[in-house]
Amino acid sequence: MPRPFRFGVNLLTPASAGEWRAKCRRAEELGYDVILVPDHLGMPAPFPALVAAAGATERPRLGTFVLNAGFWNPVLLAREVATAAALTGGRLELGLGTGYVQAEHDRAGLPFGSPRERVDHLRRTVEELLKSDGAGVPLLIGGNGDRMLRLTAEHADIAAFTGARLVPGSTEGRLDPVTAEELDERVARYGELAATRAEAAERNLLVQIAAVTDSPLSALGPVLERRPELTLERLLALPTVLVGTPEEVAGRVRGLRDRYGFSYLTVLEPYMEAFAPVLAELAVLAVPSA
């Protein structure tokens with residue numbers, strides 16, 4: 001049997017206490033299974049935001065998506081995780097990545113390091129967390145490189161794929177999408193590395209654009225203006241772009257699970273409302289007929 005779907009929303013915009021609680025309650029009302037917070041400068045601080053979300057909701061899991069490991073001392077992070085897990089009533093899920101925005105490290109006065117150094121630091125962080133009081137928190141690791149996939153295969157409960165790559169030389173974190181075929185290769189490589197696991201990990205994909213519409217061109221027109229090298233057909237073929245009617249997008253979501261094993265999808269806050277009809281469509285389809 002295929003793994004049941006889960007859907008998360010990554011909340012990017014800081015808000016007052018009342019606005020934050022209302023936003024989290026709305027995510028719960030719309031049917032999202034996980035409320036997530038990123039780890040970028042200018043966005044909400046992850047752990048206080050998740051503790052506040054726990055106080056405003058009852059059902060959703062609460063997670064970081066994903067922590068920039070380079071911002072954190074592993075021992076001190078373990079303390080944060082243990083406390084947040086307790087204060088969220090055991091609903092915490094911890095997402096970790098190496099970080100990819102050099103400008104944020106520069107602004108914070110922290111070393112950015114080489115890709116190898118960043119993965120090494122993430123590995124030390126994971127090892128510290130696994131022996132700490134927060135060791136029971138489900139662990140998500142996000143990344144596409146071979147060393148990241150190996151670390152994910154060894155330790156993650158959830159294997160997260162971004163469907164994008166850093167533009168070479170970009171210090172601001174500019175990303176280019178990967179094609180469906182390129183994602184095939186990365187997921188297959190992860191499958192090889194994870195072949196000896198006793199229990200298969202859940203697989204996650206971050207959706208970059210989501211829109212429910214009868215006119216994909218109207219939804220994607222602004223993207224095509226910014227990225228003239230792309231065509232509408234190329235955009236619609238990307239695994240991280242889900243645009244169409246509720247039925248069409250629901251079909252694409254099922255296709256992502258069939259092709260790649262992605263049963264857990266994350267959408268960005270700007271698309272939280274737009275994607276909700278797809279959640280409703282998939283919920284209806286999941287109900288057994290009488």
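**Entry 1: strand β13**

I looked up asparagine 204 and found that its bridge partner in β13 is tyrosine 264. The model is a predicted one, where local features need pLDDT of at least 70, side-chain atom pairs count only at pLDDT 80 or more, and totals for chains, interfaces and linings use all residues. Residues are numbered from 1 along each chain as its sequence is written, and side-chain values use heavy atoms, with hydrogens and water left out.

I noted that strands are DSSP runs of E with at least two residues, helices are runs of H or I with at least four, and both are numbered from the N terminus. Two strands pair if DSSP finds at least two bridges between them. Strand β10 (residues 202–207) pairs with β13 in the parallel sense over five bridges. I then checked strand β1 (residues 6–10), which runs parallel to β13 and is joined to it by five bridges. There, asparagine 10 has leucine 268 as its bridge partner in β13.

Is β13 enclosed or open? I found seven of the seven residues of β13 (residues 262–268) buried, so the strand is largely enclosed by the rest of the structure. Buried means under 20% relative accessible area, exposed means over 50%, and partly exposed lies in between (1.4 Å probe, protein chains only).

**Entry 2: tyrosine 100**

I located tyrosine 100 in the loop between β5 (92–97) and α4 (102–108). Its relative accessibility is 33%, so tyrosine 100 counts as partly exposed.

**Entry 3: a cis bond**

I looked at the peptide bond from phenylalanine 65 to valine 66, and it is cis, with omega near -15°. Valine 66 is in the loop between β3 (61–64) and β4 (67–68).

On a 1 Å grid over the protein atoms alone, a cavity is a set of points where a 1.4 Å probe fits but cannot get out; a pocket is an open set with protein on both sides within 12 Å along at least five of seven lines; lining residues have an atom within 4 Å of a point. Volume is the space filled by probe spheres set on the points, which are joined across faces, edges and corners.

I searched the whole structure and found two cavities of 30 Å³ or more. The second largest cavity holds about 30 Å³ of space. Its lining includes Leu36, Leu140 and Tyr264. β5 gives the largest share of this lining, three residues.

The second largest pocket has a volume of about 330 Å³. I counted 17 lining residues, with Phe5, Arg257, Leu282, Ala283 and Ala286 nearest the centre. α11 (272–286) gives the most to this lining, seven residues.
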